[in-house]
Amino acid sequence: MERQMIRNPILRGFHPDPSIIRVGGDYYIATSTFEWWPGVRLHHSKDMVNWELIGYPLNRISQLDLRGVGASQGVWAPCLTYHEGVFYLLYTVVTAFYCNMYDTNNYLVTARDIHGPWSEPVPLNNFGFDPSLFHDDDGRKYVVSMVTDHRVPKKYAGRLVLQEYDPVERKMTGPIRDIYTADRIFLEGPHIFKRNGWYYLFAADTGTGEGHGQSILRSRSVWGPYEMFKADFMRRDSDGEAWSILTSRCYGDIPLQKAGHCDLVETPSGEWYAVHLCGRPLDRRNPEDTPRFAGCRRYPLGRETAIQKMRWTEDGWLTLDSGGTTPKEFVPAPEDVPVLPETEKRYFRDDFTAPALSPEYQSLRIPMTERYLSLSERPGFLRMFGRSGLASRFSQSLIAVRMTEFDMEISARLEFEPEGFKQMAGLVVLYDTDNYFYLHISRDEDCGKCVTLLRAENKRYEYLTGYLPVPAGIPVELRAVSHHFYFTFSYRLERGEWQELAAELDGSFLSDEACDEGWFTGSMAGICCQDLTGMGKYADFDWFEVKEL
């Protein structure tokens, strides 16, 4: 049978730190969500070719309180496992980063059904981020995680610790032991697997930028010592680089960059695959005088999820099935998957006729309760109540979906009658609270109801148009079109002719490398409403649409 080919990335746009499991004939992937609510994004597949979003395990404030967390903080690197009828999900909630002493709070939730309900969180430890749960074949369970080091200078470049977890008492137990310490090679995102009597420590290496990679180590004991796989086909240009079985490092011309942070799954027929994060770069770079990541390429779609076919060598090491160390854009699907037609381009439209929001949407840090929006007050519309400004880390009325390609069109139709300049509603393309384009309706003292375009770039704010008057009582359509992340913004009245406001604006600053604070998420497109008077003026959105061009 002709093999179906999987096209990478399989989860396009902001989907980093994938963790994968198989339960019977079903595959599930969990990815990081950082400051976006709800927490941890879950996808399902039967064939590893087609993936469907099925929800979020962390959907209650009692499980996840993100109010006040900084950009790219919040939920990091979930680990999804399954054992004896129970799904286990470990995750970190980062509440202080970009500082000397990180606060990395690690939790565990469980469920009998992948769709939930998921339990209240069990606190684990706070040594560092990226905790992972290993189920040994004798019934014992262990948590491995990296350790942050606030000392100046750090004593270790990289450190991993292991401790046993008691599922009956629901707590950590026994000694805490280092299983990896290194003065130069940094490891994170660890997972432990057992195969043929070997314990394998599978870990991300060398940061999460263009130097990123994936290493594998092994030991006869879960407690170590672990030996790193080193082979001649692995390229290293310095002692600080790991021996990576997967990396884009040193190969800047391949389409999938930043490859690393893997997890493994075995198919029913015994084939092995690794999911990993990756990024697709633009042709634009940071200026050479940028304080952070000077001269680096920009990745506005964020870190995405890809998959590679793997194989075990005769002497028990794991390698890419294709040979070498670089990720491939097209990968053979499992042997029992039939050839399917090519996937159509993404098209998402919401006419707000359903009783609940689509799971494609996420909000910033808080759930969108009736204080922020309603689908019932005006049937067929989303009523959004104006709350805090776009810089708020506590109470924004905003929902957004992921930008999945460089060429996209985003549009919305709304009715909004602001009474003053502190009331706004419209279309937003954003990376975080300091970086966005905001095409919106407001009110000006001189021209009345108006449409305008605001750009925020690392807390530098500029209105890119004047205040252009629009008639009261008439719906307005707003549109942003991206071609290779150059944006053109337009509006029109009652389905008339589009009026262009600004063209070919470079949106590459909405990227991991260009933002001063956050650099772990990706560009999002959505709708929002603000009322800085505190009166809660609402906007009614008729529809919202996103499509790939």
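I'll start with the cores. The largest nonpolar core has 115 residues, and Ile-192, Ile-527, Phe-541 and Phe-544 touch the most other members. A nonpolar core here is a set of buried Ala, Val, Leu, Ile, Met, Phe, Trp, Tyr and Cys residues joined through side-chain atoms within 4.5 Å, with buried meaning under 20% relative accessible area for a 1.4 Å probe, protein chains only. Strand S31, residues 423-432, contributes the most to this core, 7 residues; strands are DSSP E runs of at least two residues, numbered from the N terminus. There is a second, separate core of 21 residues, Trp-37, Leu-64, Val-109 and Ile-114 among them.

This is a predicted model, with local features needing pLDDT of at least 70, side-chain atom pairs counting only at pLDDT 80 or more, and totals for chains, interfaces and linings using all residues. Residues are numbered from 1 along each chain as its sequence is written, and side-chain values use heavy atoms, leaving out hydrogens and water.

Now the pockets. On a 1 Å grid over the protein atoms alone, a pocket is an open set of points where a 1.4 Å probe fits, with protein on both sides within 12 Å along at least five of seven lines; lining residues have an atom within 4 Å of a point.

The largest pocket has a volume of about 1000 Å³, volume being the space filled by probe spheres set on the points. Of its 30 lining residues, Ile-10, Arg-12, Trp-51, Thr-343 and Glu-344 are the closest to the centre.

The second largest pocket has a volume of about 670 Å³. Its lining has 25 residues, and Ile-21, Tyr-82, Ile-192, Phe-193 and Leu-264 lie nearest the centre. S15 supplies the largest share, 5 residues.

Conventions:
Helices (H or I, at least four residues) and strands (E, at least two) are DSSP runs, numbered from the N terminus. Buried means under 20% relative accessible area, exposed over 50%, partly exposed in between (1.4 Å probe, protein chains only).
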